[in-house]
Amino acid sequence: MSTLRKSILGPAIAVAAMLMATSAVAQDLSVGDKAPSINIEHWLSDGNGKFDKVAEFEEGKVYVVEFWATWCGPCIASMPHIVELQNKYAESGVQVISVSDEDLDTVEEFLERDVRGEDKTYAELTSAYCLTTDPDESVYDDYMLAAGQNGIPTAFIVGKTGNVEWIGHPMEMDEPLDMIVSDSWDLEEWKKSQEAEAAAEAAVMDLIQKIGPMVNEGEFEEALEAIDEEMAGTDNEQLQSILKQIRFSILMESGGEQLVGAFNEMVEENKKDAMMLNQISWAIVEKHMAGGEVSEDMINAAAAAAELAVEQEPEDGAILDTLAHLLHMQGDLDRAIEVQEKAVEYAGDQFGSDLSDYLDELKAEKEEAGGGR
């Protein structure tokens, strides 16, 4: 079976470790700090001649420094939106600089690909803004590592004074970018919201210390009761979301009738987040692969969630691989092979070997069943 990992939700203790690791990262770059200069090796587009190469940020202008990669499905899915924002604000002094850390050949090969469903290449699509690659990773180090960011796509908005004003997912930067351009951005208010998020994580850590021994001793019902009590006592949406993830991870460990309901609740709350849908669906696959009991209802629910993720990210090899596994678990071998072939096609070099091995397994099973292709 495929060994491709998809950052699944683990038991509650694993979630706690994740939060602690995130909190422990030393940050040398924070919102409000002076933005580091950038030394990019390869500039592949310049907004069709509108923009110059940048090393130092010019006062009075706004810059978006966004990090992406050719293998990153959400990065590619964000490109049309980035184009829209660049076109909208080009005359307002906004310059988008999108930075990969891959080698030049890899990026150029990607840019030659056709955009799915459109009569244009990715080079033509991204020509509206500055798409670059910086293989020595100096810009990545100065921004992503310095700010303690460990996932892409991530955008840094550099304001008119040359300071970092906002950090987040490029699909979520419409409002802050508009307010920064119009000089109505309240940095201190945004910092307060970030502090509230940090407080939510601290509350989670306190809960983990309480339920950790319960989980380790297999006292799952007691742990779930403690989580339900915490959820009932807070209206913090972020905290509620994290608690539901931990609750789901414990149910994954313990099994039981509540698992399908918890799964469907997470699907409903994350129905527009293909990556989260993929993570929770893959968790079901892994439970099955590890020999855990997975009901037919649970398999069907996970397959439906994976189908929804594929609708949103039809060229993401990891998501397609998840769907292929679940189709196989449903007994639909022919469609599993069809989907896995697409997974191999879109995965490229990063996970291609793992996915190809699983495709070979599916085809061998079909031949053994007397239906060789």
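**Helix packing, sheet and disulfide in a predicted model**

Helix 12 and helix 13 are roughly antiparallel to each other, a term used for angles over 145 degrees, whereas angles under 35 degrees count as roughly parallel, 65 to 115 as roughly perpendicular and the rest as oblique. The structure is a predicted model, in which local features need pLDDT of at least 70 and side-chain atom pairs count only at pLDDT 80 or more, while totals for chains, interfaces and linings use all residues. Residues are numbered from 1 along each chain as its sequence is written, and side-chain values use heavy atoms, with hydrogens and water left out.

Helix 12 (residues 296-312) packs against helix 13 (residues 317-330) at an angle of about 150°, and their axes are 9 Å apart; axes are lines fitted to C-alpha atoms, for helices over the stretch in contact, and angles run from 0 to 180 degrees between N-to-C directions. Helices (H or I, at least four residues) and strands (E, at least two) are DSSP runs, numbered from the N terminus. The contact (heavy atoms within 4.5 Å) involves residues including Ile299, Ala303 and Val310 of helix 12 and Leu320, Leu323 and Leu327 of helix 13. By class, this contact of helix 12 with helix 13 has twelve nonpolar, three polar and one charged residues, where Ala, Val, Leu, Ile, Met, Phe, Trp, Tyr, Cys and Pro count as nonpolar, Asp, Glu, Lys and Arg as charged, and the others, Gly among them, as polar.

Helix 9 (residues 237-254) and helix 11 (residues 274-289) pack at an angle of about 15°, with 11 Å between their axes, which makes helix 9 roughly parallel to helix 11. Among the residues in this contact are Phe248 and Met252 of helix 9 and Ile280 and Lys287 of helix 11.

Six strands form an open sheet of mixed pairing, in the order 1-4-3-2-5-6, and two strands are taken to pair if DSSP finds at least two bridges between them. Strand 1 (42-43) and strand 6 (164-168) stand at the edges with a single partner strand each, so one side of each is left without a neighbour in the sheet. Strand 2 (residues 62-67) and strand 3 (residues 94-100) run parallel and are joined by six bridges, and Tyr63 stands opposite Gln95 in strand 3. Helix 6 (residues 174-181) lies across strand 2, strand 3, strand 5 (154-158) and strand 6, and runs at about 155° to strand 2.

One disulfide is counted, defined as a pair of cysteine sulfur atoms within 2.5 Å. This disulfide joins Cys72 to Cys75, with an S to S distance of 2.3 Å, and the link is right-handed, with 80° about the S-S bond.
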